[in-house]
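Hi,

Here is the structure I promised to pass on.

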Amino acid sequence: MSGGPRQGRAARVVVAIDGPAGSGKSSVSRASARILGFDYQDSGAAYRALAWFALENGIDTADAEAVIASLPAFDYEIGIDPDDYFVRVGAVDVTHAIRDPRISAVVSLVARVPVVRAHLVDLFRTVIERSARPGIITEGRDITTVVCPGADIRILLTASEEARMVRRSAELPSESAAAVAEKLSSRDAQDSRVVDFMNAAEGVTTLDSTDLDFDQTVQAVVALVAPPVE
Ligand code: CDP
């Protein structure tokens, strides 16, 4: 057999991007993937989809055993084409519903369960293996360290706490800036008990976007993946 997806796989570049809430990793990763012609995998959406599924089925998200027991019935799909992003649980489109503050409030509870993490990490790796584009950008909290420590390019996207709060509160106009800041820092604190996503592991490039606008941050990621020819 010649050509086709097999060739695409051989040439594939794997990019791993980690970062805290509000660092811009989702929107930056997606825009960078679009420019590079890569796939884009939003791992956080899978944890959010599971939190949505648990709430929908009356499962107590604080009860790890109950969350684990729900996994076999948790059927989700996340679009990896940066131009056709969607999140579905069963037949329900939850693309927007999973961004709701009621999901953000409980997602760390399901994400801290080791069996849940192992289950989703396997699925993330399968998606990376099956990508037929020249490359894939996967973003989340533990991608550079746990999911793809061997990725070709590993980036920790950071921004000052203040910049992250300002960005997130612009995305959630219905909430007060103080409420957004409080929830974001409490989620960061909960998440950092599970994964250290505030400090770059060895070999991971830190990209601080505090003083960069969106386009500049995307350009910086693209330059790390495909350095301009001198
Ligand atoms: O974009 P934001 O940082 O608000 O969150 P997200 O990427 O949508 O992730 C939502 C939640 O999923 C995080 O707060 C973590 O609890 C969890 N998560 C994780 O544990 N590991 C990942 N690789 C991605 C997300």
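Let's start at the ligand: a backbone N or O atom of Arg 141 lies 3.1 Å from one of the ligand's nitrogen atoms. I'm calling that a polar contact, meaning a pair of N or O atoms within 3.5 Å (within protein, one must be able to donate a hydrogen and the other to accept it, and residues adjacent in sequence count only if both atoms are side-chain atoms). On the side-chain end, a polar atom of Arg 117 is 2.7 Å from a ligand oxygen, and an N or O atom in the side chain of Asp 191 is 2.5 Å from an oxygen atom of the ligand. The protein covers 98% of the 530 Å² of accessible area that the ligand has on its own (Shrake-Rupley method, 1.4 Å probe; for residues, only the protein chains shown count as cover).

Before you go further, keep in mind that this is a predicted model: local features need pLDDT of at least 70, side-chain atom pairs count only at pLDDT 80 or more, and totals for chains, interfaces and linings use all residues. Residues are numbered from 1 along each chain as its sequence is written, and side-chain values use heavy atoms, with hydrogens and water left out.

Who surrounds the ligand? There are 18 residues around it, and Arg 48, Arg 117, Arg 168, Arg 187 and Asp 191 come nearest (near means a heavy atom within 4 Å). The shell divides into 5 nonpolar, 4 polar and 9 charged residues; here Ala, Val, Leu, Ile, Met, Phe, Trp, Tyr, Cys and Pro count as nonpolar, Asp, Glu, Lys and Arg as charged, and the others, Gly among them, as polar. α3 gives the most to this shell, with 4 residues. Helices (H or I, at least four residues) and strands (E, at least two) are DSSP runs, numbered from the N terminus.

The ligand sits in the largest pocket, in the sense that more than half of its atoms lie within 2 Å of the pocket's grid points. About 990 Å³ of space lies in that pocket. Of its 44 lining residues, Ser 26, Arg 48, Arg 99, Arg 168 and Arg 187 are the closest to the centre. α9 brings the largest share of the lining, 7 residues, and the lining as a whole is 14 nonpolar, 14 polar and 16 charged.

On the terms: using a 1 Å grid over the protein atoms alone, a cavity is a set of points where a 1.4 Å probe fits but cannot get out, a pocket is an open set with protein on both sides within 12 Å along at least five of seven lines, and lining residues have an atom within 4 Å of a point. Grid points are joined across faces, edges and corners, and a volume is the space filled by probe spheres set on the points.

The second largest pocket holds about 240 Å³. Its 13 lining residues include Tyr 76, Glu 77, Ile 78, Leu 123 and Val 127, the closest to its centre. α6 gives the most here, with 5 residues.

Cheers
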